[in-house]
Every structure is written in structure tokens, then in C-alpha cells.
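User: Could you walk me through the pockets and the ligand site in this one?
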Amino acid sequence: MGKTDLGPPDYRTMLPKVIEKNYGKWKYHEILKPGVLKHVSETGDEVFTVRVGSPRLVSIDYIRDICDVADKYCDGHLRFTSRYNIELMTPKKENVEPIIAAVQKLGLPVGGTGNAISNVVHTQGWVHCHSAATDSSGLVKAIMDELYPYFISMKLPARLRVALACCINMCGAVHCSDIAIVGVHTKPPKVDNSKVTALCEIPTTLSSCPTGAIRKDPSNPKSLVVNDEKCMYCGNCYTVCPAMPLADSVGDGVAIYVGGKVSNARTAPMFSRLAIPYIPNNPPRWPEVVSAIKNIVEVYAKHAHPEERMGEWIERVGWESFFKLTGIPFTEYHIDDFTHAIDTYRTTTQFRW
Ligand code: SF4
Ligand code: SF4
């Protein structure tokens with residue numbers, strides 16, 4: 001293939017030799033222990049994978065350390081999964097334990113395979129994004145410090161995927177994860193009219209609002225006003241007009257959704273649904289969010305059948321039972337009042353307690 005400056009480089013040029021040789025020929029795989037996979041090819045070749053938890057925002061030194069392990073034991077190859085697990089692959093079984101020892105020496109956990117909580121997929125947070133309603137890296141670190149035993153073991157009923165998006169733009173896979181944390185604003189944007197004409201195109205800003213809450217100020221055509229009653233704190237206006245920030249140290253927090261999945265196994269993919277409408281931010285360790293998530297994980301682990309994903313368990317026992325078992329109060333905020341909400345309503349009289 002000719003050289004091009006468009007798009008990512010061709011992945012086939014970066015495959016480990018054993019993967020290239022056996023491409024499309026893998027017969028089966030097994031999990032030897034938490035964090036260690038073995039794939040066997042039709043040709044008889046084997047490849048061993050050590051899966052390692054990783055933060056999402058990493059330093060150059062961190063990447064160099066990981067690359068040193070890959071150079072030493074994996075012929076210079078490593079890969080990141082879509083949830084930022086690092087996978088170190090080798091055809092040599094004798095390399096598996098030294099790889100585990102090397103990454104553990106760097107302070108990284110080995111696990112995330114099978115019926116475990118894999119690495120948490122998350123977004124930018126306060127570190128980088130302009131519209132974040134919560135942090136990502138800090139909150140995920142606090143959550144995973146508590147859920148660590150579920151990363152290094154495979155004792156859950158099924159796979160449990162956790163995701164975090166720091167605003168409702170939802171750059172993370174929150175709609176299709178077993179547990180999802182979503183940053184939410186609860187206050188309207190604060191318009192800085194001294195910057196509006198310099199930073200914003202007024203017609204675009206007016207049309208960006210899904211509820212029509214933004215108007216030109218009749219007394220000053222170069223200014224904007226927000227009708228607080230109509231605002232749903234979505235942040236769309238801020239994306240096109242940086243003079244309308246929403247971030248608020250008191251009004252920002254998270255909502256927690258449950259029951260999504262991408263997998264087609266046994267049941268069709270599912271969207272996650274609202275479990276907890278709002279928990280205020282409480283950095284640096286977010287104890288209320290962490291304990292709410294731990295509670296959901298533990299109730300699920302206790303009540304789900306083997307191989308039953310979070311959403312499948314909730315569908316089986318009924319959402320009424322989910323709220324009862326977890327002790328999460330059902331409030332008016334759980335009821336969808338969007339114009340087209342009828343599509344999401346349960347239209348049967350069958351309730352399960
Ligand atoms: S989810 Fe929202 S705040 Fe977070 S990175 Fe995406 S756009 Fe930015
Ligand atoms: S936050 Fe959303 S609803 Fe509120 S004014 Fe901006 S675009 Fe409109």
C-alpha cells in the first residue's frame with residue numbers, strides 16, 4: 001500500500017509475527033487466570049496475552065516504561081483495548097510470569113478478563129474539556145480503587161463494564177455499559193455579554209438551543225439572555241458560544257445509569273437507564289458516588305444468575321425490584337418528560353415486585 005498522510009497507519013504493518021501468521025485462523029481461547037488469556041490457532045500456534053489496567057491520561061515516562069516491558073518480552077509489540085487495557089502478547093509461555101512481575105513492579109494491576117470489571121472507559125474531565133460537569137480521571141481513580149478486587153478476580157456473575165462521560169455529550173460509552181456515570185449541570189449558562197460579540201456568532205448561538213431558551217436582549221442587540229425556565233442545562237450553547245459557560249462549583253454533579261450492553265450474546269444489546277438522577281460533585285474522592293456504585297455492583301453480584309449481565313438481571317427481576325433491592329429511591333426525576341418520551345414508556349400493566 002502506498003504511503004499516505006490520510007487516516008491512521010495500516011494496522012497490518014504493526015502486527016506481532018504470530019498474529020500476522022495466524023490471522024483469521026484462531027480456533028479458540030481460554031482464560032488461564034484473571035488477566036491472562038491463551039489463544040490457540042488452527043496451525044497449533046499459541047499466543048499468551050497479559051491484560052493490564054491503565055489510566056487513560058498517561059505521561060511520556062509511563063509510555064516508555066510500558067514499551068520497555070514490550071521490548072523485553074513481546075518483541076516490541078503492545079496494544080490498547082477500547083477500554084484502555086494494555087495487552088502484552090507473546091507466543092512464549094515462559095514470558096507470562098515475568099511480564100506480570102514487570103507490570104506489577106510499575107504499580108499496574110493485571111486482570112479485567114472474563115467475569116470482571118474491566119478498565120473504565122472515560123472522557124476528558126476537568127483536565128481538558130470545556131463543558132465537563134465532573135472530573136473523569138479523578139472520579140474513575142476513586143471508583144476503581146474501591147472496585148479493584150473485581151478487576152483482579154473473576155467472581156462477578158458476568159462481565160461488568162463501567163463507563164464515565166463528563167457531560168451529556170457522552171463521549172464515553174455510557175449508553176451501552178452496565179454502569180454509567182454521566183456528568184450533569186443543573187444551572188443555566190452564565191452569559192458574559194462583554195465577550196459575546198467577540199467570541200460568538202449570534203444566529204448560530206440562538207439556533208443551537210434545543211428548547212429555544214436563548215434570545216437577543218431587546219435593549220441591546222449585541223447581548224444574549226437565557227430564559228432560565230426553559231433551559232435544560234444541556235450545554236449545547238456553550239459548544240458554539242464560549243461566552244456562555246455552565247460549569248458551576250455548586251450546581252454540577254453526576255447521574256448514574258445502569259443496564260446497558262453492546263454484547264449480542266443471549267440477549268440483544270441494551271441501552272442503559274437512569275438509576276440515580278443526581279449526586280453533587282465531591283472531589284477529590286467523590287465518596288457518595290463511589291459508595292452508590294459499589295452498592296449497585298454488590299447487589300447485582302448477590303442476585304444475578306451466572307452469566308447474566310446487569311441489564312438482563314434487571315429485566316428479569318423487574319425495575320421495581322431493582323430499586324427495592326438497591327435501596328435507591330424512585331423519584332419524579334426518573335420519569336422521562338421529553339416531548340417524545342412516550343416511545344420510552346412501558347405500555348403494559350405488568351409490574352414485577
Ligand atoms: S463528555 Fe462532554 S465534557 Fe466530557 S469530554 Fe465529552 S464533550 Fe467534553
Ligand atoms: S444549556 Fe442548553 S437548554 Fe440551556 S440555554 Fe444552553 S443550549 Fe439552551
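Analyst: One term is needed before we start: a pocket here is an open set of grid points where a 1.4 Å probe fits, with protein on both sides within 12 Å along at least five of seven lines. Please also keep in mind that this is a predicted model.

User: OK, what volume does the largest pocket have?
Analyst: The volume of the largest pocket comes to about 2400 Å³. Its lining is made up of 47 residues, and those closest to the centre are L274, Y333, H334, I335 and D336.

User: And which elements give two or more residues to that lining?
Analyst: Those are the strands β8 (179–185), β11 (252–258) and β12 (273–280), together with the helices α9 (310–317) and α10 (319–326), and β12 gives the most, with four residues.

User: How does the lining of the largest pocket split by class?
Analyst: There are 26 nonpolar, 13 polar and eight charged residues in the lining of the largest pocket.

User: Switching over, what about the second largest pocket?
Analyst: The second largest pocket holds about 480 Å³ of space, and of the 24 residues lining it, L37, H39, R51, R79 and E87 are the closest to its centre. At least two lining residues each come from β1 (26–33), β2 (36–41), β3 (46–52) and β5 (86–90), while by class the lining has eight nonpolar, 10 polar and six charged residues.

Methods:
Residues numbered from 1 in each chain as written. Chains lettered and ligands numbered in written order. Predicted model: local features only at pLDDT ≥ 70, side-chain atom pairs only at ≥ 80, totals over all residues. Heavy atoms only, no water. 1 Å grid on protein atoms, 1.4 Å probe; cavity = no way out; pocket = protein on both sides within 12 Å on 5 of 7 lines; lining within 4 Å. Points joined across faces, edges and corners; volume = space filled by probe spheres on them. Nonpolar A, V, L, I, M, F, W, Y, C, P; charged D, E, K, R; others polar.
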